[in-house]
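Good morning, and thank you for the time. I would like to take one structure today and look at a single helix within it.

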Amino acid sequence: MEPESMAIPFGRLGNRRAATAARVAPALPICDAGSDAFRPRFQDPGVTASLQRAAIAMTIEPKAFRDAMSRFASAVHIVTTDGAAGRRGVTATAVLGVSDRPATLLVCLNAASAANERFGANGNFAVNVLAAERGESLARIFAGGDADPAERFAHGTWSAAATGAPLLADALVGFDCRLVEARRIATHHLLIGEVEAVHEGADAPPLLYHARGYRLL
Ligand SMILES: Cc1cc2nc3c(=O)[nH]c(=O)nc-3n(C[C@H](O)[C@H](O)[C@H](O)COP(=O)(O)O)c2cc1C
């Protein structure tokens, strides 16, 4: 049976790159908190201290956690994908640089949005870092609300990167990524992408999000 640490429960990804990534950098020994496999590990006397701390953390109320997270000041991105499964773009702050060898990014997307499955199915994504100028209106459009998902890309100037993922002309920088691993952790999909190209834009101030509002530096 495939070890839990290598489970890829999202889209295709049975490819050689994913297997290589898993060998080179095995995923942390945690699994889907909702799965049956998760609970018995806490009864195991050999369970690690970090997993015990994770169990304690689960007693924190979701609202209290979201309130605490609102104190983070984050850059704002539009994460996009395109391919056989269709185009998708979503505003996201949960983006992190993981490694520079190979250049690797992590994006966390809510599994409650069925359209986010397209990222797994297409096997690509681009991270477009928003500028202060014009960034807020785009961020609002790609965060859903009243905007028709099919109409989102009518706003802004978009082109296809080498992987097929949409790149925003006005972005401070765009990272074109090949999806190499995906994992479901609690409510979210964690997408790990190997960066195939970096598209640098203007050297301008970024759009930020803090205390539930858009901010400028
Ligand atoms: C500032 C901001 C940051 C967000 N960050 C994320 C994120 O990191 N991951 C995520 O899945 N959704 C994030 N969202 C929510 C999505 O943009 C979007 O609202 C949600 O997926 C539902 O929209 P939908 O109509 O595209 O399904 C964020 C929204 C805002 C306004």
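I shall begin with the chain as a whole and then turn to one helix and one of its residues.

Please bear in mind that this is a predicted model. The secondary structure of the protein chain comprises 6 helices and 12 strands. The chain has 217 residues, of which 29% count as buried. Of the contacts with a separation of 6 or more, 67% join residues 24 or more positions apart.

Let us turn to helix H6, which covers residues 132-142. Which residues of H6 are buried? They are Gly135, Leu138, Ile141 and Phe142. Viewed down the helix axis, these buried residues fall within an arc of 130°, so they line one face of H6. In general, an α-helix has 3.6 residues a turn, so residues three or four places apart point the same way. The cover over the buried residues of H6 includes strand E2 (77-81), strand E3 (88-92) and strand E11 (207-210). Just after the helix, Gly144 adopts a positive phi of about 90°.

Now to Ala139, which also lies in H6. Is Ala139 buried or partly exposed? Ala139 counts as partly exposed because it has 19 C-beta neighbours inside 10 Å, whereas a buried residue requires 20 or more. Setting aside neighbours within four places in sequence, Ala139 is in contact with Val76, Thr91, Leu130, Leu207 and Tyr214. Of these partners, consider Tyr214: Ala139 and Tyr214 are 75 residues apart in sequence, and their C-alpha atoms are 9.3 Å apart in space.

Terms used
Residues are numbered from 1 along each chain as its sequence is written. This is a predicted model: local features need pLDDT of at least 70, side-chain atom pairs count only at pLDDT 80 or more; totals for chains, interfaces and linings use all residues. Helices (H or I, at least four residues) and strands (E, at least two) are DSSP runs, numbered from the N terminus. A residue is buried if 20 or more other C-beta atoms lie within 10 Å of its own, exposed if 12 or fewer, and partly exposed in between; C-beta atoms are placed from the backbone. Two residues are in contact if their C-beta atoms, placed from the backbone, lie within 7 Å. The arc is that of the directions from the helix axis to the C-beta atoms.
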